[in-house]
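Me: Can we walk through this structure together? I'd like to keep it quick.

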Amino acid sequence: MTGKTPVTLVTGGTAGAREAAIAAMINNGVTNQSDIADTIGIILEGMPDGTDSFSALVGNFPSLMIARIAPGCPCCMGNLTMRVTLNRMLQRSPKNLYISLATSIHLDQVRRFFVQPPYNNLIELTKDLSI
């Protein structure tokens, strides 16, 4: 590990499907009791669709950070909102960060956003998860 926060971009499907996939990834990543105390960040773009994939996680992971931002491409009009939310989460040095994108239309631009300074020194993009 490079000391950078691993970031997984989650795209496709409905908001509920993306959120369920993130919840499953977090639950599947628990290998011992200390994993539960780790800070994990989740940034969700767009409105929820009425499903509740995170209620069990909130009870099991006391350091879970969940932020929901208004829909709008993070590389275009949502850039400032994404930066502020991302910076706040990175200040807490999460073990992992999951970002659910409402659309994958600008996925390449979003990935370029994350590999530019200062994020190139703070995060490491993992393989995208497409639902």
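**Ser 100 and its surroundings**

Reply: Start with Ser 100. Leaving out residues up to four places away in sequence, Ser 100 touches Val 10, Arg 18, Ile 22, Ile 43, Leu 44 and Glu 45. Keep in mind that this is a predicted model.

Me: Which strand does Ser 100 lie in?

Reply: Ser 100 is part of strand 4.

Me: Is Ser 100 buried or exposed?

Reply: Buried. Its relative accessible area is 2%, and the cut-off for buried is under 20%.

Me: Which side chain makes a polar contact with Ser 100?

Reply: That of Arg 18. The two side chains are joined by a polar contact of 2.8 Å.

Me: What about Thr 11, where is it found?

Reply: Thr 11 sits in strand 1, which covers residues 5-11. Thr 11 is buried, with a relative accessible area of 4%. Beyond four places in sequence, its contacts include Arg 18, Leu 101 and Ile 131.

Me: New topic. How many residues does helix 4 have?

Reply: Helix 4 has 12 residues, 79-90. From first C-alpha to last it reaches 16 Å, close to the 16 Å expected at 1.5 Å a residue.

Me: Which residues of helix 4 are buried?

Reply: Asn 79, Met 82, Thr 85, Leu 86, Met 89 and Leu 90. They cover an arc of only 140° around the axis, so they sit on the same side of helix 4.

Me: Why do residues three or four places apart point the same way?

Reply: Because an α-helix has 3.6 residues a turn.

Me: And which exposed residues are on the face turned away from the buried side of helix 4?

Reply: Leu 80 and Arg 88.

Me: What do the buried residues of helix 4 pack against?

Reply: Several elements, among them strand 1, strand 2 (40-45) and helix 5 (107-114).

Me: In the largest nonpolar core, which residues touch the most other members?

Reply: Leu 9, Ile 43, Ile 99 and Phe 114, out of 20 residues in that core. The elements giving two or more residues to this core include strand 1, helix 4 and strand 5. A second, separate core has 12 residues, including Ile 26 and Phe 61.

Me: Last one. Where is confidence lowest in the chain?

Reply: In helix 2 (residues 33-37), at a mean pLDDT of 62. Strand 5 is highest, at 96. The mean for the protein chain is 85, and 88% of its residues reach 70 or more.

Terms used:
Residues numbered from 1 in each chain as written. Predicted model: local features only at pLDDT ≥ 70, side-chain atom pairs only at ≥ 80, totals over all residues. Heavy atoms only, no water. Helix = DSSP H or I, 4+ residues; strand = E, 2+ residues; numbered from the N terminus. Buried < 20%, exposed > 50% of the residue type's maximum accessible area, 1.4 Å probe, protein only. Contact = heavy atoms within 4.5 Å. Expected span 1.5 Å × (residues − 1). Arc of directions from axis to C-beta. pLDDT = per-residue confidence, 0-100. Core = buried A, V, L, I, M, F, W, Y, C linked by side-chain atoms within 4.5 Å. Polar contact = N/O pair within 3.5 Å; in protein donor to acceptor, adjacent residues only side chain to side chain.
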